[in-house]
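Thanks for coming. I will go through one model this morning, starting with a sheet and ending with the parts to read with care.

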Amino acid sequence: MLGQVGHAALALMSLLLLLWHEAAPIEVPQDLKQPPTIIKQSVKDYIVDPRDNIIIECEAKGNPVPTFSWRRNGKFFNIGKDPRVTMRKRSGTLEIGFRSGGRPEDYEGEYQCFASNDFGGALSNKILLRVSKAPLWPKEVLEPVSVTEGSPLVLPCNPPPGLPPPFTFWMDSGMSPIPQDKRVSMGLNGDLYFSNVLARDAHTDYSCNARFLFTHTIQQKNPFTLKVQTKEPFNDTSYNATEPYGGRKVAESTPTFLSPSGTESSKMVLRDEQLLLECIAAGLPTPTIKWFKKGGDLPGRKVKFENYNKTLKIINVSEEDAGEYVCMANNHLGSIRHSIFVQIKAAPYWLDKPSDLVLAPDENGRLVCRANGNPKPNIQWLINGHPIEGYPPNPNRQVLGDTIIFRSVQIGSSAVYQCNASNQHGYLLANAFVSVLDMPPRMLGPKNQLIKVIENNRTFLDCPFFGSPLPDLRWFKNGQGSGLDGGQYRAYINGTLEIKRARAEDEGTYTCVANSILGTAENQVRLEVKEPTRIVRLPEHQSAVRGSTTRFDCKVKSDPSLTVTVAWMKDDKPLYLGWRLRKDEESLTIPNVNEGDEGTYTCTVKSEIDQDSASARLTVLDRPDAPMDLDLSDPAARSVRLTWIPGNDHRSPITEFLVQFEEDRWEPGRWQKLSSYPGDLNSVILQLAPFVNYQFRVIAINSVGQSPPSGPSPRYKTSGAAPDAIPRGLRGSGSKKDNMEITWEPLLDLERNGPNLHYSIWWRRKDSGEEWSNVTTVGSKHVVHNTETYVPYEIKIQARNEFGSGPESNVVIGYSGEDKPSDAPTDLRVSKVDSTKVNIHWKSVNPNTVRGEFKEYRLYYWRESSQVPGLIVNKEKKTKGFYSTMAEPSGILSDLVPYSKYKMFMVVANNHFESSPSNTVEFNTKEGVPDAPRAVRMHSKSLDTISLEWEKPLEPNGILIGYQLKYQRVNGSRLGRPHLETFLPNVTEFTLRLPDRSTRYKFFLSAMTQVGAGEVYAEETPHFTNEVAPGIWDLTVVPNSDYANVSWSHNFPAGSSEFVLEFTLDSDKTVKVVSVKQQPPITVADLIAGATYHLRVYSHELNSISSNSVTFKTKPAYIDHVDIATQGWFIGLMCAIALIILILLIVCFIKRSRGGKYPGGGCVTGFAKYLVRDKKDLPLDPVDQKDPDGSFDYQSQ
């Protein structure tokens, strides 16, 4: 947090209120007759802008309203005689205008305002009016300044004397400030000091500038030309911080003071002003300055060192800051000191300022005017602006130096007294009236005021009152008890009651009572104590990625009776929400953050009596900008230095630089990664490959992401060289029995190192002592022909290009091609036949007959049939491999189906071929325990029974002898006493009567053979929420060739269950399961045409709730072909043709009866001709005209 500033502000406000309450005098009501009081006046030293009108302020209050007059330079100023001077109404403020001419300088002088009424006269301070001046720099011709290198120099400024004095600074002709440091700096007088001159200081444009504050103008002195004489030529490029003289020998010197001169000096400063002490030394090397005070320490909290330690500044000096200050300048040749004796004088300052005095007739009183200064000020009293000595003696008034004592004052003796305390450094003037009144007590504040205060805070209940004589005021709470003063309370003389720490029990009505001999007055104040307004969940500093959404919390807790407003500021300015930012009662959300959102956000919560605030900073992170100005240097055969300038990291430090390259020979335009480097580097040596024409680019990476790529570097081409790399993946293997293919991975493009890359390959039979055979190729494969079957070869390879040969590879062993093994395993047999596994034995083959790499003995086995009558089995062959080099190996074949007949044979295999099969062996597995019963269904035939139905196991694994059912009552997580039922093999249902409808049971069902009980199917009765148990019925199937439409009925609530369709193929008992969530009917695809299926539907959640099984057969594949003779459109067409023929026959017979054209059977013949065109009489359509080759000639038409 940046801090909760609200509490500090409230604490400061409370302190100021406390001081005000302690010092505030009793105010005289404005409706009472009283002498004048000056309430506003111009400053004593009043400098005005000559371009503006002059306004000299003087405001006063009093009853009657005061009248005003002015003195100028000690004489009466007749305003009416000067048309340029006017006085504001009901005010003494003067306005001097110059629209009609006149010079402001003519009105310079000392002004004093008099405010008077029937009861006295008050004076303002003496106001010294001066007009601001900005004189021009005197014209002068400055000769060039010539100085020897290493010598000190002072360039004088001597600005024109302005009013107020101008601010000076040094610049060159380009309006750039002259660089200042420990060696070169400007003094308090404006001169430019060089402790020692360097050759690089030679310039022609050292110019002193004076800025005048009132006129806002800058005047420039003619520039100095500085010439530096050196013993050797100066070269700018030779300069560096450790060798400022470029290696030239310049005489060193001990320190001397340029300012001030001598060994000691003095300085006088007035109390509460600023003390500036300066020491500027010459010498080579440049001296360092240190300060200390003799006989004591420097005032740590008030002292500051400026101008590279050459200036000592002490703010708000006081008498204890006087003394001897010493500055010491030293370098390695020696040191010098200068003492400055500081005197602290003081203009007069108040110790006890006189205040207004209200007295009743015959009362006594005093005015005190105590001031101090150095020298001690002189005290002078005045009455109504005139020296008190000029008034006749008054027995009721006695002047005793700085005090006037009044005794038994009477009405009519009111006046305004002035106290003037002065010495040679200034003066103080105070007005204090003495008003003699006879007035009963009266309340001045609003009646029945309501004050709200925050719990545990200091509070003040005001009760302004007045009376003469001064009444006695007391406070009471809730109209009872004695006066409140002491402990938690403190009553002030002006009527204010302080409650040091307000608590809930302090709530109530407070009454203030003012009492004097002339009467009584009272007022009431209602106090309510409220809970403080606090931010209980503060905003926290956040870093947000550009484009993301961030949120600042500001959860507030406050008194329920107070209305609270929450306002947000950004960088101390009101935050404009616009359309993007969102504010609610507890947070500020900034979506789509951008860089303009970065800053300090302050949440300020205000009630009518307090406030709280908290701040947090948002830092916006973004991907870095692209690196810039890529440069290549330090070229070498296989390396180059790449240098770049990092882009803006957008407040997320760069952690990595990615250098990419592109080459224009093999993959032009494709950028590839070369290397990565830490984020604090920007110059690296790149390791390169020969014979590549590179260009590079750099990508910066920070926590947000990657920058855009930089622009490409210049191209850099490396020279060629012989290959460095050895081709990888060298191997030899045969694709045929009489060859060997030698293959390898070709070198990468960047591994070529030069043009005309090719490979030399050597090979020879292992352990044969033959000479190496070799070949050179540009490809990545070579085939060696006419080899013997599966013999080992030694192989090696080498890459070459135009620049030479690369290193040779190590020798690897390859083999020529394999052939079919000539021998087969023999004497295959079994032992220890179990229900699911069997031991197998065989005799191995001679390794030489494998004719290749021995892979395994591969056993082929399949289930020929089941010993259970009528059970159809899947005869698919399976394999299992055995790796053994023993003469008579053995192994175990597991995962067999119990009570089945198996067959098997064995081959030996190399990588490509298998041998002839061994002898075939048959064996029968023993009887085992059955699988779990299938299609278990649970349903309720009546409200007080539950029925269980099932089907035989898919694999009985033996002869079924019956079923075993165990069931237990379920009560929460506890199971009741088990019950056991057994059934014969032909019994597949069981009905249990329920003691009541809410009773639930868990069933455990298993099938049994002679070996024992098999896998258990467990199911718990569903918890029905209504009277009717859920069920599935009316399963219907409409089959087609490869799909079927399935529908069923059920009473499950909509969406409460997923249904499972189980299709069992009759031919091999394979099961297809389809899960559906939609309501029936549905269409199931991917069925086998012409196959018989058994289908049941059950609930996925309650497996026991199932339909009855339905058997159906899909249609053959050809059944979908359309028989045109059975189609409706074809029958309709034939009927239409028959109708047309009938109509034509009727027409024909009618014409014949009328002697028509067609005699005898001509009608039929004519009709036939109408239907069938004669080729001799009618031309053929284009589609009928064919060439002898059967093609059509459309052009002849």
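How many bridges join strand E32 to strand E36, and do they run parallel or antiparallel? Six bridges join them, and the two strands, residues 378-383 and residues 415-423, run antiparallel. Strands here are DSSP runs of at least two residues and helices (H or I) runs of at least four, numbered from the N terminus. Two strands pair if DSSP finds at least two bridges between them.

Before going on, the ground rules. This is a predicted model, in which local features need pLDDT of at least 70 and side-chain atom pairs count only at pLDDT 80 or more, while totals for chains, interfaces and linings use all residues. Residues are numbered from 1 along each chain as its sequence is written, and side-chain values use heavy atoms, with hydrogens and water left out.

Back to the sheet. Asparagine 378 has serine 422 in E36 as its bridge partner. Both strands belong to an open sheet of five strands, in the order E29-E37-E36-E32-E33, and the pairing is mixed. At the edges are strand E29 (357-359) and strand E33 (386-387), each pairing on one side only.

Serine 633 has arginine 641 in E58 as its bridge partner. Five residues lie between the strands of this hairpin, and aspartate 634 takes a positive phi near 50 degrees.

Now the cores. A nonpolar core is a set of buried Ala, Val, Leu, Ile, Met, Phe, Trp, Tyr and Cys residues joined through side-chain atoms within 4.5 Å. Buried means under 20% relative accessible area, exposed over 50%, and partly exposed in between, with a 1.4 Å probe and protein chains only. The largest core has 30 residues, and Ile54, Ile56 and Trp70 have the most contacts inside it. Among the elements giving two or more residues to this core are strand E3 (54-56), strand E5 (67-72) and strand E9 (109-117). Another core, of 22 residues, lies apart from it and includes Val1046, Phe1059, Leu1061 and Val1084.

Asparagine 125 sits in the loop between strand E10 (120-123) and E11. Why does asparagine 125 count as buried? Its relative accessibility is 12%. Contact means heavy atoms within 4.5 Å. Beyond its neighbours within four places in sequence, asparagine 125 contacts Gln41, Lys44, Tyr111, Gln112, Tyr427 and Leu429.

On to the rings. The structure holds 35 aromatic pairs. Rings of Phe, Tyr and Trp (its six-membered ring) pair if their centres lie within 6.5 Å; planes under 30 degrees apart count as stacked, over 60 as edge-to-face and the rest as tilted. Phenylalanine 661 and tyrosine 694 have ring centres 5.4 Å apart and planes at 70 degrees, so this pair is edge-to-face. Phenylalanine 661 is in strand E59 (residues 656-663) and tyrosine 694 in strand E62 (residues 693-701), 33 residues apart. Phenylalanine 661 is buried at 3% relative accessibility, and tyrosine 694 is buried at 2%.

Last, confidence. pLDDT is the predictor's confidence in each residue, from 0 to 100. The protein averages 86, and 90% of the residues score at least 70. Over residues 1156-1197 pLDDT stays under 50, and the model has 24 contacts there beyond four places in sequence.
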